[in-house]
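Please walk me through this structure, one part at a time. I would like to know how its pieces are arranged and which residues stand out.

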Amino acid sequence: MTWIVQNLWLVPVLPILAAGVTALAKQRNRMFAASLAIGSLAISFLLSLCAFAHVLSLSSQGLETRQVVDFRWFQFGSEWLKLGWMLDPLTAIMLVMVSFVGLLIFIFSVGYMEHDENFTRFFCFLSLFAGAMLGVVIANSLLLFFMCWEIVGLTSYLLIGFWYHKPEAAAAAKKAFIVTRIGDLGFFLGMMWLYAQTGTLLFYDSGAGCLEHSALAALVAHVTTVGMAASTGIALLIFCGAAGKSGQVPLHVWLPDAMEGPTPVSALIHAATMVAAGVFLIARVYPLMSAHAGLAGPLVPTTALIVVTWVGAITAVFGALIAIAHYDIKRILAYSTISQLGYMMMGLGVGGVAVGMFHLITHAFFKSLLFLGAGSVIHGCGGEQDIRRMGGLRKSMPITFLAYAAGMLALCGFPLFFSGFWSKDAILDAANTWSVSKLPFYLGAFGALLTAFYMTRQVYYVFGGKSRLPENSSETAHTSHASATPHESPAVMTVPLVILAAFATFLGLVGTPAWPWFQSFLSGTRTTLHIAAFADPALLSVMLSSSLLVFLGLGLGWWFYGRKPIEHADAPDAVGQLQPRLFSILGHNFYVDAFYGATIVRLNTGWSRVCDWLDRWVWNGAVQTVSHLVLAFAWLDNFFDTNVVNAGFDEGCETVSRGGQVLALLQGGRVQSYLRMIGGALIALAIFLLWGATR
Amino acid sequence: MSAFPWLTVLTALPVAGAIAVLGFGSRNKALARRLALGFSFLALALTILLWCRFDSTSGALQFQQQVAWIAALGVEYHVGIDGLGLLMLLLTSIVVPIGMLASWQIQERVGLYFSLMLLLQTCLFGTFTALNFFHWFVFWELSLIPAFFLIKLWGGPRSTAAATQFLIYTMVGSIALLLAFLAIFLATGKFDFIDLAQLAQSGHLMPTVIAKLAWHRFTPRHVALILFAGAFLGFAVKVPLIPFHTWLPSAYTEAPTGTTILLTGAMSKMGLYGFLRILLPIFGAQMQLVLTPLLWLAVATIVLSAYAALAQKDLKRIFAYSSINHLGYCLLAIFAVVKFTGGDADLTAEKYAAMNGVFLQIFNHALTAATLFWFVAILEKRTGGLRGLNDFGGLRKVVPVFTGLMGIALFSSLGLPGLNGFVGEFLIFKGSFPLVTWATSLSVLGLLVTAIFILGILQRVFSGPLNEKWAILPDLTTVERLSLAPAIALMFVVGLYPQLVLGFVNNTVIQIVQQLKF
């Protein structure tokens with residue numbers, strides 16, 4: 001085992017340490033905080049490259065590419081709970097992507113956040129995020145994965161609510177945490193179930209891990225009372241977590257609101273890395289997702305994978321539809337991200353790890369490019385985010401425009417020259433041959449058309465025509481220098497843009513059907529250039545039709561928005577004019593938020609009131625009743641005592657005493673009364689005797 | 001075994017402190033506070049010394065001291081601790097200084113206040129070390145008296161009612177407990193917990209009781225259940241378990257915050273201690289008979305209390321309900337381990353996990369809840385007693401350090417990985433899930449609702465536009481930061497290295513679980 005595998009833990013720990021030091025340091029040390037964060041992530045990036053090179057050399061020698069290091073965490077009973085990290089092709093690719101994109105975004109942030117008073121805090125949170133995300137990537141234990149996953153969620157919360165004085169930002173942060181936590185509860189239960197069934201949470205542990213053959217065979221064989229295999233139940237529960245984090249319908253509602261955070265955060269967390277962590281999770285536990293009775297056979301659509309595919313396909317179209325009708329530059333990108341995450345899930349479902357992961361990697365580059373471009377635009381327009389008030393930036397921000405255009409074409413999947421084409425095409429190609437249903441393919445193709453359309457719309461709004469920026473537009477300004485004339489951003493922001501643009505354009509070439517290096521690297525096989533692969537008629541027809549759809553989307557976008565330049569900020573949307581009702585439904589996100597507000601949120605609040613009421617009146621009422629009963633009994637007792645017991649006694653006493661008073665008259669001690677009595681008695685006696693004598 | 005009576009000295013130490021505080025500190029407030037704090041730190045040092053001398057590789061009782069007292073009544077002075085006892089002593093020693101520091105602003109009858117606190121500490125130490133029912137019960141009941149006066153004399157506007165309710169409520173539970181134990185004593189002539197546990201384990205306890213007590217109208221099973229119900233009530237009130245909890249919100253809210261820290265940090269653990277030391281070993285079989293309703297009660301405790309917390313507007317009331325919720329997880333796990341008591345080796349590991357989780361959760365809750373109430377005390381000191389959710393807004397701008405540190409404590413309460421709360425809850429759920437699947441699955445709802453109300457606090461108190469009323473609220477002073485730092489640091493340490501606590505309780509857990517065979 002080589003040095004890099006033994007010390008892979010340094011990759012996540014270095015940024016976390018940087019975060020800790022920054023948290024304890026003084027707020028004023030701005031350059032210190034930024035250089036510490038960038039420096040530590042740069043070292044992590046170099047280590048990631050070493051790790052990547054190591055895996056590459058192993059795979060070129062044809063050796064086993066997966067290496068794990070486990071360690072003991074704590075003991076309960078007689079067993080130790082073990083955590084660990086691993087290095088395999090999947091980890092290596094993700095490590096390089098996360099640390100590289102992260103590094104570029106860190107550098108960009110130095111310029112973007114220059115004027116913010118909480119600059120050091122920002123880099124503290126960013127470093128913590130990077131560390132936790134890298135921890136997710138290297139974890140060899142579902143528990144460690146979950147722990148880092150939750151910390152990633154925390155940093156997302158902290159960064160969405162970074163401008164905490166804005167009530168919307170605070171609400172959005174809370175919403176993001178809670179909605180993802182709903183998914184995480186499923187994940188948590190799935191983890192408990194998996195642990196109970198397999199007795200371990202280590203992914204790979206030389207044959208004893210939960211993703212290895214013996215554990216999977218037991219999971220497939222174990223049928224629960226509802227007739228579902230344990231493996232399916234666990235896989236679906238874990239997918240809940242992935243759906244929450246990756247913004248899949250119906251748990252997508254937090255992601256658009258998360259755009260309240262600073263734009264570099266949206267680029268790093270809510271486009272390139274964290275939201276993709278859900279996709280990565282499914283890729284990581286893919287042996288479990290695809291576990292079926294004949295374990296070793298080819299890819300079979302298991303129940304879990306079918307669910308993943310359908311959710312992904314629906315999300316892909318859902319997000320793309322909503323993106324058409326928004327005016328906020330970041331929200332459009334957010335719905336686009338939701339849509340693209342749907343593609344990734346669909347790719348995992350229909351085509352396997354390589355298909356989904358390829359799109360994840362290319363998307364990370366072109367979407368972070370688009371977000372950073374949007375950040376540059378917002379920065380240049382003094383904080384303006386409404387695309388209706390932009391326009392004409394093609395001339396004033398040329399570098400940003402070119403980079404943005406590259407990202408836009410990559411996202412649309414412009415044929416042959418842009419990375420998005422190859423990765424999206426791999427997904428559509430796999431969906432085309434999916435044995436369960438053809439519908440996901442059609443949904444995906446429709447989504448491709450929509451994507452090209454809404455991106456064209458956005459680009460024409462932002463960069464086309466003339467500037468519609470009003471004087472003194474500072475209503476949403478967070479930076480202090482709101483200016484009416486758009487300007488190009490400084491080099492610290494444009495250089496990362498250019499680098500990302502280069503990757504967004506050319507990265508796709510590592511996974512073309514002719515030279516599927518990416519796919520074979522993940523599966524640990526070797527590959528050669530094989531031009532003849534294009535001759536496959538099914539593949540060719542998919543490529544042609546998706547290209548046609550992209551051109552159609554671009555053309556429609558031009559027809560509606562590019563033909564005549566948009567003159568005023570108040571001018572109605574071209575599609576909105578055509579279909580006002582549909583446009584309004586899309587603009588309100590299909591009323592999903594309103595629906596949740598009216599049902600789940602209200603139910604929750606109501607139920608909490610009920611619990612409070614139960615507590616105050618029922619439980620406490622019962623106690624109060626008992627205590628009142630005791631008091632009533634005491635009162636009754638008292639009443640009985642005073643009025644019955646006492647009263648009877650008192651009455652008797654008074655009778656006796658009255659009798660005594662009467663009798664006391666006899667014993668008055670006065671001679672006259674004695675004489676009077678004797679006299680009276682004598683008379684009575686005399687009368688009595690006389691009366692008797694007369695008889 | 002050490003010949004030196006460590007535990008007796010430890011128990012007596014706070015009383016000595018209380019006398020000293022009353023004697024020297026009745027005039028001088030500052031002296032009284034410092035003296036009391038000094039004694040509590042002395043107790044902490046002594047407990048840490050005990051911990052160092054404690055043999056973690058054994059689950060047996062250590063530092064035992066057994067002296068005949070009233071031989072005719074089977075009364076002995078018998079003290080000793082195992083991992084459970086040591087855990088309780090440690091958390092009491094940690095919580096009491098926190099409670100004192102949080103009471104620093106109290107101005108009336110300072111000497112009396114702090115000596116009552118020390119007296120309460122003695123009662124807690126006595127309860128956690130006693131192994132004979134007689135003096136255990138004396139300490140158990142005696143603890144109510146300082147607590148009653150602390151709530152009544154220094155509490156909020158409705159403190160008299162709250163204190164009276166607290167006293168009578170727990171007294172009712174205690175009387176039921178006493179009656180149950182008197183019945184057992186009449187039958188067996190024994191008061192010693194260890195002897196009784198052995199009797200129960202060998203299956204002789206209940207037959208003896210039933211044979212001796214000629215309650216002919218009841219079946220033997222009913223006699224056993226009645227005795228169990230009596231003992232159960234005593235502890236269920238103390239923890240508390242819904243629906244025996246209604247004294248708690250008003251007592252915690254009306255008590256001065258320093259006292260609330262003691263109530264939630266240490267006194268609520270008396271109930272759990274009773275469950276672990278007395279109910280499980282002695283009444284385990286009866287618990288198993290009525291397991292289903294008990295599980296429902298535990299789930300209700302977890303879910304209903306979390307939802308009730310969501311509806312509160314007063315920070316102290318929120319944390320009071322949150323305490324019920326957190327201890328509910330402990331009860332869930334305790335009930336779960338009596339589900340299967342056969343020799344199934346697979347499930348033994350789950351029971352170890354659940355029990356270790358209970359122990360860790362006890363420690364974590366003491367630390368986190370005490371720290372959270374401490375933050376409330378600091379806030380009250382600055383705002384003149386205001387602590388409503390809607391009284392603030394945007395405080396993060398003026399008190400960033402306070403916000404950051406309280407945020408850490410709040411996330412610890414939420415169960416964020418990396419902080420102490422997570423590991424205990426993970427172990428409880430890991431152990432309980434295979435044992436009582438449905439109850440555990442329902443309890444997960446408590447985790448969600450906890451997140452909602454904790455984030456609600458962060459949102460409404462610390463975020464949003466600054467409430468101008470608090471524009472000059474001072475942030476934490478250096479002294480406050482330094483005194484809070486150890487508590488916050490401990491949250492990280494236990495969260496990252498839980499072996500620190502689990503290391504010395506694990507063998508006791510093994511002992512407790514292995515005794516559960518009936």
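**Prolines in a loop**

B:Pro243 sits in the loop that runs between α10 and α11 of chain B. This is a predicted model, and the peptide bond leading from B:Ile242 into B:Pro243 is cis in it, with omega near 10°. B:Pro240 also belongs to the loop between α10 (220-238) and α11 (247-254) of chain B. There, B:Val239 and B:Pro240 are joined by a cis peptide bond, with omega about 0°.

Chain A has loop residues with another backbone feature. A:Ser206, in the loop between α7 and α8 (213-221) of chain A, has a phi near 40°, which is positive although the residue is not glycine. Is A:Ser206 buried or exposed? A residue with 12 or fewer neighbours is exposed, and A:Ser206 counts as exposed because it has 9 C-beta neighbours inside 10 Å. A:Tyr591 lies in the loop between α25 (580-587) and α26 of chain A. Its phi is near 60°, again a positive value in a residue other than glycine. With 11 C-beta neighbours inside 10 Å, A:Tyr591 counts as exposed.

Next come the helices. In chain A, helix α2 covers residues 10-24. At 1.5 Å a residue, its 15 residues should span 21 Å, and the end C-alpha atoms are 21 Å apart, so the two values agree. Buried residues of α2(A) include A:Val11, A:Leu14, A:Ile16, A:Ala18 and A:Thr22. Among the elements that cover the buried residues of α2(A) are α3 (30-60), α4 (89-112) and α5 (119-138) of chain A.

Helix α17 of chain B, residues 420-435, can be checked in the same manner. Its 16 residues should span 22 Å at 1.5 Å a residue, and its end C-alpha atoms are 24 Å apart, which agrees. α17(B) is mostly covered, with 16 of its 16 residues buried.

How do helices α3 and α4 of chain B pack? The axes of α3(B), residues 83-102, and α4(B), residues 110-129, are 9 Å apart and meet at an angle of about 170°. Angles over 145 degrees count as roughly antiparallel, so α3(B) is roughly antiparallel to α4(B). On the α3(B) side the contact includes B:Gly85, B:Met88, B:Leu89 and B:Thr92, and on the α4(B) side it includes B:Phe114, B:Met117, B:Gln121 and B:Leu124. The residues of this contact divide into nine nonpolar, five polar and no charged.

The two chains also touch each other. Their contact takes 37 residues from chain A and 42 residues from chain B. On the chain A side, the elements that give two or more residues are β1 (67-76), α6 (142-160), α7 (167-198) and α26 (592-666). Of these, α7(A) gives the most, with 15 residues. By class, the chain A side has 24 nonpolar, six polar and seven charged residues.

Which residues does A:Met133 contact, leaving aside its neighbours within four places in sequence? They are A:Val98, A:Val152, A:Thr273, A:Met274 and A:Ala277.

Notes. Residues numbered from 1 in each chain as written. Chains lettered and ligands numbered in written order. Predicted model: local features only at pLDDT ≥ 70, side-chain atom pairs only at ≥ 80, totals over all residues. Helix = DSSP H or I, 4+ residues; strand = E, 2+ residues; numbered from the N terminus. Expected span 1.5 Å × (residues − 1). Buried ≥ 20, exposed ≤ 12 C-beta atoms within 10 Å, placed from the backbone. Contact = placed C-beta atoms within 7 Å. Nonpolar A, V, L, I, M, F, W, Y, C, P; charged D, E, K, R; others polar. Axes fitted to C-alpha atoms, helices over the stretch in contact; angles between N-to-C directions. Parallel < 35°, antiparallel > 145°, perpendicular 65-115°, else oblique.
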